[in-house]
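I opened this one to look at a helix pair and a bit of surface. Here are my notes, friend.

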Amino acid sequence: MSHLTGSERAAYVQEMFGRIADRYNLMNRLMTFGQDIGWRRFVVQKAALKPGDTLLDLATGTGDIAFEALRSVGNIHVVGADFALPMMRVGQRRARGGQIDWLGADALNLPFADATFDAITQGYLIRNVIDIPRTLAEQRRILKPGGRIVILDTSPPPKNLLRPFILVHLRYVIPLLCRLPGKN
């Protein structure tokens, strides 16, 4: 995917997430050995949300971070935005799915007024966008003064004894899981 640019990359990302939408949550649990649950809790904790706040969960997918924010904080307004619509449809069907405002949106051109959100969370967005500075500028634009942006993503594994095993997992196991047929 790294060789793709512009609309080709966007189409690839949309198609891939559309294909795996129904099994995405299960795949996350398997690929991370369940650690993704704790990572999402950590993201919500770092967002420092309080009752009455407005949260944008960008690249919301099936809404795991958005649901965690609702569970942890309670009385907040949550918008889940993504351009992979099948992922959000899965999230809408989940318990409490009606408590999130779901919106199809492109991270490079967010359809919100300046200074709209108290916090913005995102899980695994940065690796999939073609223009990181523009993506971050858009988020900063719609963030209220004093607001927080919390980014969950991964980086290459450190050079240690586990690195070869991690690389095999990243290069072979995860892509194999993504190619398995789904319901879509």
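I am working with a predicted model, where local features need pLDDT of at least 70, side-chain atom pairs count only at pLDDT 80 or more, and totals for chains, interfaces and linings use all residues. Residues are numbered from 1 along each chain as its sequence is written, and side-chain values use heavy atoms, with hydrogens and water left out.

**Helix pair.** I looked up α3 (residues 35-47) and α4 (residues 64-73), whose axes come within 9 Å and cross at roughly 60°. Helices (H or I, at least four residues) and strands (E, at least two) are DSSP runs, numbered from the N terminus. Axes are lines fitted to C-alpha atoms, for helices over the stretch in contact, with angles from 0 to 180 degrees between N-to-C directions.

**Around α4.** I found D64, I65, A66, F67, E68, A69 and L70 buried in α4 (under 20% relative accessible area; exposed is over 50%, partly exposed in between; 1.4 Å probe, protein chains only). That is seven of the ten residues, so α4 is largely enclosed by the rest of the structure. Just after α4, I noted that G74 takes a positive phi of about 90°.

**Surface.** Which elements each supply at least two residues of the nonpolar patch? I found α6 (132-142) and β5 (143-152). I151 lies in strand β5 and, at 41% relative accessibility, counts as partly exposed.
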